[in-house]
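We will walk through it together, one place at a time.

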Amino acid sequence: MFRGMPLTLGAPVSLYYELLGEAGAPPLLLIRGLARTHEHWLELTPLLARSFRLVLLDNRGIGRSSVPRPPYSTAQMADDAARVLDAAGLERAHVFGMSLGGMIAQELALRHPARVDRLVLGCTTAGRRAGHPVSLRAALRLLGAMRFGAERAVAHTAPLVLSPEFLARRADVVEAWQRLARERPPTRAGVLGQLLAAGAHDTVARLGRVRAPTLVVTGGADRLISPENSRYLARAIPGARLELLPGAGHDFTTELPAESTALLEGFLG
């Protein structure tokens with residue numbers, strides 16, 4: 001039911017992915033965000049694995065995947081995801097991407113439309129031209145974290161991605177993230193490469209070409225990527241539906257794993 005698979009694609013990129021859930025269940029590719037590995041889904045993966053065959057990957061630059069020289073692009077990372085589907089023997093899959101993962105998921109749906117069944121975009125953006133860029137304060141906090149060690153960087157950025165109420169009652173989540181940082185510290189090159197990919201991302205002129213049925217989800221209290229970005233995506237993608245989770249921060253699946261699972265199960269069927 002659960003196995004790790006290092007996938008070598010040739011220099012300079014090797015990608016790591018894992019499969020979780022029953023082999024006959026509908027496949028669902030999960031793509032995490034900046035400096036996050038497949039392990040950062042925490043409580044969400046066992047919940048989703050009851051209904052789906054999960055494909056969990058570490059994007060280039062993080063986790064067990066290789067760290068090619070920056071810069072990276074979301075288009076490159078979408079091609080990476082398509083190759084992981086190839087390696088997993090999947091022609092098509094549902095796709096759920098969060099934050100940077102949502103940018104990658106947009107590119108996957110545009111560059112490889114035949115591979116995407118249904119699309120879920122979480123707390124993400126079409127790029128700066130959508131009109132709601134990351135605030136200067138948030139950007140400086142993210143960049144400032146690069147001068148710290150991995151564990152301190154987690155504590156420094158946690159207030160950007162989790163709501164104050166959640167942070168106050170679930171200090172164990174930050175501790176879990178710090179443990180992951182200790183076990184496999186992110187490299188500066190990898191984080192920088194992913195930051196550059198997020199900064200250069202732009203699908204504004206192409207969103208009308210997305211053909212996969214799309215659900216856009218965001219936390220109403222997201223302080224990193226404004227919920228206005230999700231509203232923009234829902235307007236720009238034909239037939240897309242928007243779900244706003246009141247009070248939830250940027251990392252809404254960590255704060256609301258059961259509610260997030262119910263949304264995904266309902267939309268993906």
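This is a predicted model: local features need pLDDT of at least 70, side-chain atom pairs count only at pLDDT 80 or more; totals for chains, interfaces and linings use all residues.

Another salt bridge brings the side chains of Arg32 and Asp251 together, at 3.2 Å from N to O. Here too the partners come from distant parts of the chain, 219 residues apart. Arg32 lies in the loop between strand E3 (27-31) and helix H1 (44-48), and Asp251 lies in the loop between strand E8 (241-245) and helix H10 (252-255). Arg32 is buried, because its relative accessibility is 4%. Asp251 is buried as well, with a relative accessible area of 2%.

A further salt bridge links Arg170 to Asp172, whose closest N and O atoms are 2.8 Å apart. Together with Glu43, these two form a network of salt bridges. Arg170 has a relative accessible area of 23%, so it is partly exposed. Asp172, at 38%, is partly exposed too.

Now return to helix H3, which spans residues 100-111 and includes Gln106. With a relative accessibility of 1%, Gln106 counts as buried. What does the side chain of Gln106 make a polar contact with? The partner is the side chain of Thr203, at 2.5 Å. Beyond its neighbours within four places in sequence, Gln106 is also in contact with other residues, including Leu121, Thr124, His201 and Leu233.

The largest nonpolar core has 56 residues, and Leu29, Val95, Leu108 and Leu119 touch the most other members. Helix H3 gives the most to this core, with seven residues. Apart from it lies another core of 24 residues, among them Leu54, Met98, Leu256 and Leu264. As for Leu119, residues up to four places away in sequence aside, its contacts include Val95, Ala105, Ala109, Val210 and Phe267.

Finally, a few places in the backbone deserve a look. Most residues other than glycine have a negative phi, and most peptide bonds are trans. Pro70 and Pro71, however, are joined by a cis peptide bond, with omega about 5°. You will find Pro71 in the loop between strand E4 (53-58) and helix H2 (74-87).

Leu42 has a positive phi, near 50°, and it lies in the loop between E3 and H1. At 26% relative accessibility, Leu42 counts as partly exposed. Cys123 also has a positive phi, near 40°, and its place is the loop between strand E6 (116-122) and helix H4 (136-144). Is Cys123 buried or exposed? Cys123 is buried, because its relative accessible area is 0%.

Conventions. Residues are numbered from 1 along each chain as its sequence is written. Side-chain values use heavy atoms; hydrogens and water are left out. Helices (H or I, at least four residues) and strands (E, at least two) are DSSP runs, numbered from the N terminus. Buried means under 20% relative accessible area, exposed over 50%, partly exposed in between (1.4 Å probe, protein chains only). A polar contact is a pair of N or O atoms within 3.5 Å; within protein, one must be able to donate a hydrogen and the other to accept it, and residues adjacent in sequence count only if both atoms are side-chain atoms. Contact means heavy atoms within 4.5 Å. A nonpolar core is a set of buried Ala, Val, Leu, Ile, Met, Phe, Trp, Tyr and Cys residues joined through side-chain atoms within 4.5 Å. A salt bridge is a side-chain nitrogen of Lys or Arg within 4 Å of a carboxyl oxygen of Asp or Glu.
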